[in-house]
Amino acid sequence: MEEYNYLEHTFNPVWNENSKVLVLGTFPSIKSREYGFYYGHPQNRFWKVAAAITGQNLPVTIKDKKELLLGSGIAVWDVIAKCSIKGSSDSSIKDVTVNNIKSLLSGSNIHRIYANGAKAYELYMKYSYKETGKEIMRLPSTSPANAVYTLEKLIKAWSVLI
């Protein structure tokens, strides 16, 4: 049986003065934590979707990924700063400490927030909405666990970012 681990988020939000939208995930998966950057699981479709909606080539390196986001006005972060979690299971998340999303929003030109999946939406509404006062739109998760959505359906849904 998998044990809970109390973990801290180890990478910074990706944003700059040109960021217009913020995509929030929950907490980095094991693969993302190993990789050291957002959506590091090879089966996660986030980078394929981001490339498609921005008309860019699929980014390979972390540098390429940051350039795609920043050049397209997209900021990325996660709702959770620290939590107890079993492996990569969002449904197991407890003992939550949230990131200071209000601070990021007040220091930026971000005008829309999007949740990468239902759990990110739920966590934002539970822990961050009161603080920020900003609405969030739930998008279908790019996780490989969301097999209901084909890549084409994800691209269509996520095109609202651009």
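This is a predicted model: local features need pLDDT of at least 70, side-chain atom pairs count only at pLDDT 80 or more; totals for chains, interfaces and linings use all residues.
A polar contact is a pair of N or O atoms within 3.5 Å, where, inside a protein, one atom must be able to donate a hydrogen and the other to accept it. A polar atom of its side chain lies 3.1 Å from the backbone oxygen of Phe 11. The side chain of His 9 also joins that of Asp 78 through a polar contact of 2.7 Å. As for where His 9 sits, it belongs to the loop between strand E1 (4-8) and strand E2 (21-25). Setting aside neighbours within four places in sequence, His 9 touches Phe 27, Pro 28, Tyr 38, Asp 78, Ile 80, Ala 81 and Asn 99.

Next come the aromatic rings. There are 8 aromatic pairs in the structure. To describe such a pair, one gives the distance of the ring centres and the angle of the planes. Phe 37 and Trp 47 are stacked, with 6.1 Å from centre to centre and 20° between the planes. Phe 37 comes from the loop between helix H1 (30-35) and H2, while Trp 47 is part of helix H2, so this pair ties together parts that are 10 residues apart in sequence. Trp 47 also pairs with Phe 46, and this time the planes stand at 90° with the centres 4.8 Å apart, which makes the pair edge-to-face. Phe 37 is buried. Phe 46 has 3% relative accessibility, so it is buried, and Trp 47, at 5%, counts as buried too. Zooming out a bit, ring pairs link Phe 11, Phe 37, Tyr 38, Tyr 39, Phe 46, Trp 47 and Trp 158 into a cluster.

The charged end of Lys 94 sits over the ring of Tyr 4, at 4.0 Å from the ring centre. Lys 153 lies over the face of Tyr 149, and there the distance to the ring centre is 4.9 Å.

Finally, there is the nonpolar core. The largest one has 43 residues, and those with the most contacts inside it are Leu 22, Leu 24, Phe 46, Trp 158 and Leu 161. Helix H2 (residues 46-54) supplies the largest share of this core, with 6 residues.

Methods
Residues are numbered from 1 along each chain as its sequence is written. Side-chain values use heavy atoms; hydrogens and water are left out. A nonpolar core is a set of buried Ala, Val, Leu, Ile, Met, Phe, Trp, Tyr and Cys residues joined through side-chain atoms within 4.5 Å. Buried means under 20% relative accessible area, exposed over 50%, partly exposed in between (1.4 Å probe, protein chains only). Helices (H or I, at least four residues) and strands (E, at least two) are DSSP runs, numbered from the N terminus. Rings of Phe, Tyr and Trp (its six-membered ring) pair if their centres lie within 6.5 Å; planes under 30 degrees apart count as stacked, over 60 as edge-to-face and the rest as tilted. A charge sits over a ring if NZ of Lys or CZ of Arg is within 6 Å of the ring centre and within 35 degrees of the ring normal. Contact means heavy atoms within 4.5 Å.
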